[in-house]
Amino acid sequence: HGVQIIDISNPKRPRKVSEIATPGLAYTMKLSGDYLYLADHRGGFHIISVADVAHPAIVGSAQTAGKAWAVEVVDGIAYVAADNAGLLVFDVSDPRQPRQIAVHSLGGAAEDVVIRDHLAYVASFENGMHILDVSNPSQPRAIGHLATPGNARGVELDGHIAYIADWVSGIQVADISD
């Protein structure tokens, strides 16, 4: 139930610097500047100031309709993969008051999200990878879908290739050049 900040300057002797409790199960996070954006599973989504790593503080939070599995932050917008609620989009330009501006249902559980070039690549547990145009974050628009044989849990991009962690069916590799 929370985040620990560890000093790894000496890898042989990692040292806990601080910790901060969260209401849910701290799941995945992204660091952007002095803020850590946390998908907190059943606890929603939090923005934690780490400007002083010895004293982290939750400065903003939002409940999510589904379990918050993953978060990606680009240009003051946070994209939260929120299980059966789909992809939730938040304006986080004021970290103290995150404001939901959109939701996009995937017809399955959103597990992970990666943003590149105004496109959201979303792993959906039941039905593969969805690609959404998020050039207007308040109106995500579906532009592509790739069904996978297993259950999509994660996405990673490298150039024009998407790697999809597809649970029991292993890693699926997709060309996303077009």
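This is a predicted model: local features need pLDDT of at least 70, side-chain atom pairs count only at pLDDT 80 or more; totals for chains, interfaces and linings use all residues.

Analyst: Residues are numbered from 1 along each chain as its sequence is written, and side-chain values use heavy atoms, with hydrogens and water left out.

User: In what order do the four strands of the open sheet sit?

Analyst: Strands here are DSSP runs of at least two residues, numbered from the N terminus, and two of them pair if DSSP finds at least two bridges between them. The pairing in this open sheet is antiparallel, and the order is E7-E8-E9-E10.

User: Which strands are the edge strands?

Analyst: An edge strand pairs on one side only. That picks out E7 (70-74) and E10 (99-104).

User: Which residue in E9 is the bridge partner of Ala-81?

Analyst: Strands E8 (residues 77-81) and E9 (residues 87-91) run antiparallel and are joined by five bridges. Within E9, the partner of Ala-81 is Leu-87.

User: Is Ile-77 buried or exposed?

Analyst: Ile-77 sits in strand E8. Buried means under 20% relative accessible area, exposed over 50%, and partly exposed in between (1.4 Å probe, protein chains only). Because its relative accessibility is 11%, Ile-77 counts as buried.

User: And Ile-171, buried or exposed?

Analyst: Ile-171 belongs to strand E17 (residues 171-175). Its relative accessibility is 55%, so Ile-171 counts as exposed.
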